[in-house]
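Here are my notes on this one, as numbered points. Have the structure open while you go through them.

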Amino acid sequence: MATATRGTAESVRIYLDHNATTPLHPEVLEVMTRVLRDCPGNPSSTHLEGSQARAVVEEARGQVASLLGAEPDEVVFTSGATEANNTALLGLLRGRPPGHVLSSAIEHPSVEAPLLALEAAGWRVTRVGVGSAGRVELEELEAAFEPDTALVSLIWANNETGVIQPIEAVAELAAARGVPVHVDATQRVGKLPVTLRGLPVDFLSLSAHKLQGPKGTGALVRRGALEVEALQAGGPQERGRRGGTENVPGIAGLGAACALAERELPERAVELARLRDRLWEGIQAKIPRVERNGCPEQVLPNTLNVRFDGVAGELLLQALDLEGVAASSGAACHSGSIEPSAVLSAMGLSPQQARASLRFSTGHGSDDAQVDAVLALLPDLVQRCRDAGDV
Amino acid sequence: MSAVASLETGVQRVVVAMSGGVDSSLAAALVVESGCEAVGVTLHLAGESSRCCSLADADDARRVAEVLGIRFYVVNYRERFRREVQEAFADAYLAGRTPIPCVTCNSRFKFEYLLERARVLGARSVASGHYARVDRDADTGLRRLRRAADPDKDQTYFLFELTQEQLEAVRFPLGELSKDEVRARARALGLATADKAESQEICFVPDGDYAAAVERIRPGSLPGEGPIVDGAGRELGRHQGIHHFTVGQRRGLRVAAEQRLYVTQVDAQRNRIVVGERDALLVRGARLERVNWISGTPPAQPIHARVRVRYRHAGVSGRIEPDPVGGACVLFDQPVAAVSPGQAAVFDVGDVVLGGGWIAEAILDA
């Protein structure tokens, strides 16, 4: 393996971190460029420029609704899923006398942080655990309802493991008790179909940059009679649910990404899964002492979370990065933190096992040649990490 | 000889230990200039109050890496650093010694753990911003550690534990430069850290209050107050914990006396501080343990060399005789004041550092 001598020239990258973010699709870029260049107006203005921008926003709203099987007036544009999650939790519950919220131990930080804020304000939060497969146990969740449960908030597909939660069943349980449901669908939208029509889900969060749209834009789908307080007070945009001049090009990008996803689903998922499965089969064949984290039957088509026993995961990621491969782990962040992943810990992994786990996620642009290249690199790098031991 | 010439040329991957300060920033730039593929790494060792290697420092280093166009990673060693360096530091004070944690940080964190990581990353060496030089002895083929060109900045005192194997794998791009040159070059390259402030204190004791640091690291283990005695054992006063004192110290002694008194001994066993006049500080030599000989083998016969017993000590001539248990006995040609157990004694001949060891105790009589 010729890694000891290498130039500083750019080399071809293999990007397997689509769950972190996805590259902008060329079609989306085209739409956004056009909007940036030709639609400079403020959607709230009455003149021609304003109404052209307004049209762009409303067309995108329709595209988002269409992908999700929802109504356009249920779509509230936000700066991303984090804002959507915050709005669904804090915007819904902040003004009320504290009661109970039912959630899980495997939520994304943008749900966990508002939950902590609610607890600090006197709310009680039950975080239902998951088994070793990474799915919430329905019986445990059902038993956790309390008389004053004001909301169930559950992630649809976990970002680290890709494991899909039983949303339909949970929604039924909650509906039977008259409890509203919020679903963080950030990782699912664009990878698998979502049909809200007929599903008793009251709130859904999504983010454009997970489905080949731009960063900085997302949406909260708000159904039924429940209203949310705007977290960002300002003008009357988004029917008073989210103040501030709309991010017109971003919204256009989100709409285009949703339209693209609607055209390509469900076939898109098949190819993503085929490549992911080839990668997993190859890893199992070539590398000893590997385990897959999370239930393989109920998982996103593109996600593979693997632990390589005896490996310092962050070191393996660095080695992969230097060889041109981008992957990640749940615990990765700029501080080089080695706090074990809360999600993997909730599944029963020890800190060492969590530290040894990597996440590969395929997406648009992934192909067989890339999978082959990764399989050619990995065994040696894993061995080097294992030889280095605890460094 | 230019600074860059001391680096091997050729396209190689080199990990650069970047602390977020100007020295390691320029070291990274020089590695890039030499044509190598530099990979910057900050070791996150301590919390935000630390003078170095905090997250804020990591951000400074990252910014430099971005400007230089090199890959950059942060490695979190906080837990390990606390255990292996900070706790050892506090325990040394509690045992009546005056430790130098920087030596362990170098030999173990930068040039062992980081070097092992570097190998996993396909790099054969680790570069740092230390003021020191490494070359090869033409006759023996062995690696030599040499003092830096800038005597004020020379940091070889903290590098005496490096082995031949490590010296094959380290690079010190700043060895030929003065501090002023380093800052000027960093400025010329537009590195944001060019004018970043520095201090000479131990990184995790930025305010110089060692006693407070010991109290923070080992709360509940602090020794209580005890006697301050003279050489004959007569009690002259009370101290508030031996960890407040080091040999040679004047400050903090609450003793009424006509002559100026200095700490001559920190006696952890009897929880007492022994003081004396300046003459009493003079010692004939030191017994060293865990001596590292840079050549890899101790000399068969005693040698004469210049011996430095603290950082920035000009050094005195002395005779060094290795003992059979990996230590050595040093006898100074002239008595030396304030030799503190826990510090290091480092031996040079000319600007070549032969090695060094840890001062276990002073030798009072020849």
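1. Burial first: 52% of the 391 residues in chain A are buried (20 or more other C-beta atoms within 10 Å of a residue's own, with C-beta atoms placed from the backbone).

2. Ground rules. This is a predicted model, where local features need pLDDT of at least 70, side-chain atom pairs count only at pLDDT 80 or more, and totals for chains, interfaces and linings use all residues. Residues are numbered from 1 along each chain as its sequence is written, and chains are lettered from A and ligands numbered from 1 in the order in which they are written.

3. Chain A has 12 helices and 12 strands (DSSP runs numbered from the N terminus: H or I of at least four residues, E of at least two). Its radius of gyration is 22 Å, close to the 21 Å from the globule rule for 391 residues, so chain A is as compact as a globular protein of that length. Both use C-alpha atoms or length alone: the radius is taken over C-alpha atoms, and the rule is 2.2 Å times the number of residues to the power 0.38.

4. Domains, with bounds from an automatic or database assignment: domain 1 of chain A is 14-23 + 265-388, and domain 2 is 26-264. Their centres, over C-alpha atoms, sit 27 Å apart.

How values were computed
A residue is buried if 20 or more other C-beta atoms lie within 10 Å of its own, exposed if 12 or fewer, and partly exposed in between; C-beta atoms are placed from the backbone.
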